[in-house]
Amino acid sequence: MSELARKFQRDLNAGLVALVLLGVLAESDEDLYGYDIAKRLQRAREGDPLFKEGTIYPVLRSLAASGWLSSRIVPSYSGPPRRYYRITEEGRAVLTEWRSVWRATRDFVDQFTGPSPLTESSPTDV
Amino acid sequence: MNAQDANMPRTIKEYIDELRAALDGADPALIQDALSDAETHLRAECAARSTETEQAVLHSIAESYGSPADVAAAYLETDRTVQAALAPSPRPNAAISSSPQGAVKRFFGVYGESRSWTSLMLLLISLFTGIFYFTITVLGLSLSLGLSILIIGIPFFIGFIGVSRLLGHVEGRLVEAMTGERMPRRSPAARDSGWPDRLKNILSDIRTWTTLAYQLLALPLGVVYFSITVIGLAMSLGMIGSGMLILLRSLGLDLGLDPDLNIQIWGSTPEPTSIEATLLSIVTIVFGVVFLTATLHLVRWLGRMQGRIAKRLLVSATA
């Protein structure tokens with residue numbers, strides 16, 4: 001990726017990281033800790049990650065500070081204690097709202113930039 | 001790309017040092033959060049890829065976790081937006097503060113600010129938390145010293161320091177909730193090493209000693225805070241209450257008081273139903289209200305000071 005593309009990606013990520021984290025935690029049946037979430041995101045995408053794992057931690061903490069995630073610390077046998085996160089009811093409400101904002105934005109942007117051949121053939125496109 | 005490779009940290013410690021340098025000048029609590037997140041993540045990564053060397057794992061970190069500069073930027077950016085979102089809107093009285101009415105409004109505005117009441121709560125419970133911290137610390141220190149001649153002394157001391165750090169973290173959360181002073185959002189990661197190393201880390205970590213100092217200091221400070229708060233509240237509420245009593249009585253209301261009882265007020269003893277009693281009682285009430293307001297201002301100031309003391313002693317930028 002070129003430096004310009006990287007910068008564009010970073011700007012896009014500003015709000016998207018929070019949306020993705022809320023989404024991951026809403027989908028998950030169990031509580032997740034930072035490292036676990038980072039690895040799930042990594043597995044979900046081949047090649048270059050869209051955002052650095054280091055950037056999810058401050059966002060997780062700010063989501064928790066807003067009351068959208070609850071967290072608890074669990075001692076771990078294999079290393080330092082882990083902080084497990086779970087989405088709150090308030091968080092789910094925020095996610096529902098953000099999701100529709102995101103869909104509307106994506107559809108609008110697609111009208112002008114046109115879906116690439118890759119996304120057209122993708123079966124996961126809603 | 002090669003130049004970047006040469007600059008990449010080769011060990012977790014080097015990474016943490018670079019991250020700390022990149023965050024230089026930021027809020028110490030934010031630095032502690034960022035360093036502890038990074039250390040936890042990198043250790044987990046090394047543990048998950050135990051077949052590779054630390055250097056090989058750290059080599060790929062730039063692509064996955066992000067370089068120290070990227071990560072530092074993410075923390076600063078997130079904290080800035082969160083602080084902006086959580087901060088109360090700019091005080092509307094800022095514009096009118098120069099006029100005399102503005103000063104009066106500002107003086108009495110203290111009742112409407114939640115910080116006044118949370119600070120009041122913090123100062124009132126500070127005596128009890130102070131007694132608790134002081135007892136635990138004195139007990140832990142003296143038992144550690146006493147047990148130091150036995151082999152159990154060292155694990156006991158390490159355990160005691162762990163408890164005292166946990167208490168320090170809980171106190172930090174309490175102080176942030178009550179005074180708004182930003183404190184670490186999570187406790188620092190425990191280092192993953194053997195007893196001798198752990199003991200060395202504890203003894204060489206300045207925060208160990210400042211945390212203990214804070215917990216010892218908590219008792220005398222708690223006594224001072226509690227006394228000032230209770231005396232201020234008692235005096236002002238006493239003035240308001242007795243003023244009300246004399247006022248109602250001077251207006252001829254039967255309060256069931258002995259009609260011959262003359263209350264001395266501001267050095268004179270007016271007739272219970274005289275005009276003088278009415279005026280003096282109103283003066284007393286006004287004084288009481290002013291005194292109560294001044295007490296709340298003092299309480300807010302003490303709360304802020306307590307927040308600063310807690311931050312200085314419980315949070316270390318070099319954590």
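The model is predicted, so to speak of local features a pLDDT of at least 70 is needed, side-chain atom pairs count only at pLDDT 80 or more, and totals for chains, interfaces and linings use all residues. Residues are numbered from 1 along each chain as its sequence is written, while chains are lettered from A and ligands numbered from 1 in the order in which they are written.

Chain A first. Its three strands make an open sheet, ordered β1-β3-β2, with antiparallel pairing; strands (E, at least two residues) and helices (H or I, at least four) are DSSP runs numbered from the N terminus, and two strands pair if DSSP finds at least two bridges between them. Two bridges link β1(A) to β3 (residues 82-87) of chain A, with A:Tyr33 opposite A:Tyr84 and A:Leu32 opposite A:Tyr85. On the β2(A) side, β3(A) pairs over six bridges, and here A:Ile73 stands opposite A:Arg83. Helix α1 (residues 3-27) of chain A lies across β1, β2 and β3 of that chain, at about 85° to β3(A); axes are lines fitted to C-alpha atoms, for helices over the stretch in contact, and angles run from 0 to 180 degrees between N-to-C directions.

As for the interface, 19 residues of chain A are in contact with 23 of chain B, contact meaning C-beta atoms, placed from the backbone, within 7 Å. On the chain A side, α2 (34-43) and α3 (56-65) each supply at least two residues, and α3(A) has the largest share, six residues. By class, that side holds eight nonpolar, seven polar and four charged residues; Ala, Val, Leu, Ile, Met, Phe, Trp, Tyr, Cys and Pro count as nonpolar, Asp, Glu, Lys and Arg as charged, and the others, Gly among them, as polar.

Over in chain B, 17 of the 21 residues of α3(B) are buried, so this helix is largely enclosed by the rest of the structure (buried means 20 or more other C-beta atoms within 10 Å of a residue's own, with C-beta atoms placed from the backbone).

Terms used:
Contact = placed C-beta atoms within 7 Å. Buried ≥ 20, exposed ≤ 12 C-beta atoms within 10 Å, placed from the backbone.
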